[in-house]
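The following paragraphs lead the reader through one protein model. Please keep the sequence and the structure in view while reading.

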Amino acid sequence: MVNDYYEILGVSRQASQEEIKKAYRKLARKLHPDVAGPDAEDRFKDVTRAYEVLSNPEKRQMYDLGGEQAFSGAGGAGAGFGFQDIFETFFGAAAGAPRGPVPRGRRGQDALVRLDIDLSEAVFGATRELQVDTAVICPTCNGTCCRPGTHPQTCEVCHGRGSVQRVTRSFLGQVMSTTACSACQGHGTIIPEPCQDCAGEGRVRTRRTVRVEVPAGVDSGTRIRMSGQGEVGPGGGPAGDLYVEIRERPHPVFVRRGDDLHCTMAIPMTAAALGTVLPLDTLDGAREVDVEPGTQPEQVITLRDLGVGHLNRAGRGDLHVHLDVQVPTRLDDRQRELLAELAALRGEEQPEPRLAATGSGVFSKLRDKLAGR
Ligand SMILES: [Zn+2]
Ligand SMILES: [Zn+2]
């Protein structure tokens with residue numbers, strides 16, 4: 001890419017203002033997007049930026065002293081005289097002007113609604129009905145925007161083309177530019193009698209019921225896209241999409257981490273030592289938790305496939321039961337006697353301290369697991 005403004009315009013550093021103007025005029029004619037197509041647009045912008053600087057004696061002097069760094073960000077807000085200004089000065093607001101009539105119907109916007117679900121709905125999936133407020137096609141005019149019995153008429157100003165051509169005289173010579181017809185806003189037609197029920201919008205707002213299939217595995221923040229269920233566009237244009245954003249209510253017992261569920265179950269010290277079977281109400285109904293003899297505090301018992309169904313694939317997460325082994329705090333005389341006897345039998349009246357570095361052991365492993373989801 002050529003960065004030197006003189007080189008871009010193909011003039012010498014001693015070129016007069018008249019020569020610079022002449023060089024720009026020649027290049028602008030050749031590269032103008034209406035003539036050379038969009039491919040030449042970048043070059044056209046470079047040429048225009050170079051001209052913008054070199055045609056201004058003060059800017060040119062600064063450029064000669066400091067090169068392009070003097071204009072870093074040229075064309076940006078600091079440059080004062082932007083590309084668009086110079087473009088419009090020469091060619092009118094022709095850049096990107098529409099070539100044909102613009103259809104009246106435009107695509108509507110997407111809509112977003114929130115849906116609160118229970119954990120069990122996330123686990124198994126659900127069908128829910130939802131009230132949504134969106135624009136729908138006007139039933140009176142069926143989206144045509146015209147009062148029933150009337151029809152759009154061809155615009156008399158642009159004769160249905162949607163655009164008008166203007167000839168501007170500038171030092172580049174005569175320049176033909178195309179602008180959107182202001183009489184019909186570029187549509188090429190006008191509506192003589194707008195529909196009264198939608199004020200000629202072709203759509204009205206209404207509240208309706210939408211059935212949402214909530215798949216298993218959705219989580220808070222998941223968005224379900226419902227194609228074509230959003231806002232109908234102006235002029236009866238096609239509807240945008242409806243996004244249903246899921247919010248999962250917290251469950252009193254089970255905590256979700258990814259597709260796994262976790263709960264905490266308190267058991268007495270004696271049950272942990274002797275082993276037992278405990279009932280647990282899972283989301284799938286009653287299950288049994290098998291506590292092995294010698295179960296340790298903070299131990300986790302995993303019940304396979306009782307977690308949340310995976311989103312868009314087969315299988316489910318697991319249910320992890322975290323045991324909270326409770327040591328009795330108040331003992332009567334008989335209980336203390338029995339425990340002391342047990343301690344004596346096990347040679348534990350005076351236990352040896354066994355120290356370990358923090359960060360090892362069951363508790364921190366569990367903590368890491370939960371943090372990593
Ligand atoms: Zn209507
Ligand atoms: Zn018109």
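Which residues does Leu 9 touch, not counting residues up to four places away in sequence? Leu 9 touches Ile 20, Ala 23, Tyr 24, Leu 27, Val 47, Ala 50, Tyr 51 and Leu 54, where contact requires C-beta atoms, placed from the backbone, to lie within 7 Å.

The model is predicted: local features need pLDDT of at least 70, and side-chain atom pairs count only at pLDDT 80 or more, whereas totals for chains, interfaces and linings use all residues. Residues are numbered from 1 along each chain as its sequence is written, while chains are lettered from A and ligands numbered from 1 in the order in which they are written.

As a whole, the chain holds ten helices and 15 strands; these are DSSP runs numbered from the N terminus, helices being H or I of at least four residues and strands E of at least two. Of its 373 residues, 23% count as buried. A residue is buried if 20 or more other C-beta atoms lie within 10 Å of its own, exposed if 12 or fewer, and partly exposed in between. Among contacts with a separation of 6 or more, 67% are between residues 24 or more positions apart.

In soluble globular proteins, nonpolar side chains tend to be buried together.

The buried residues of α2 are Ile 20, Ala 23, Tyr 24, Leu 27, Ala 28 and Leu 31. They cover an arc of only 130° around the axis, which puts them on the same side of α2; the arc is that of the directions from the helix axis to the C-beta atoms. An α-helix has 3.6 residues a turn, so residues three or four places apart point the same way. Arg 29 is also found in α2, but Arg 29 is partly exposed, with 13 other C-beta atoms within 10 Å. The C-alpha atoms of Arg 29 and Phe 44 are separated by 9.5 Å, and these residues are 15 residues apart along the chain.

The text now turns to the sheets. An open sheet of three strands has the order β1-β9-β8, with mixed pairing; two strands pair if DSSP finds at least two bridges between them. At its edges stand β1 (111-117) and β8 (223-226), each with a single partner strand, so one side of each is left without a neighbour in the sheet. Seven bridges join β1 to β9 (residues 242-248), and these two strands run parallel. Within this pair, Asp 116 stands opposite Arg 247 in β9.

Another open sheet, of four strands, has the order β10-β11-β15-β14 and again mixed pairing. Here β10 (255-257) and β14 (300-303) stand at the edges, each with a single partner strand, so one side of each is left without a neighbour in the sheet. Three bridges join β10 to β11 (residues 260-268), which run antiparallel, and Arg 257 stands opposite Asp 260 in β11.

Glu 298, with phi near 70°, lies in the loop between β13 (285-291) and β14 and counts as partly exposed, with 17 C-beta neighbours inside 10 Å. Asn 312, with phi near 60°, lies in the loop between β14 and β15 (319-326) and counts as exposed, with 8 such neighbours inside 10 Å.

Finally, helix α9 (residues 333-345) has 13 residues and reaches 18 Å from its first C-alpha to its last. The number of its residues that are buried is zero, so α9 lies largely in the open. Just after α9, Gly 347 takes a positive phi of about 65°.

Notes
Expected span 1.5 Å × (residues − 1). Contact = placed C-beta atoms within 7 Å.
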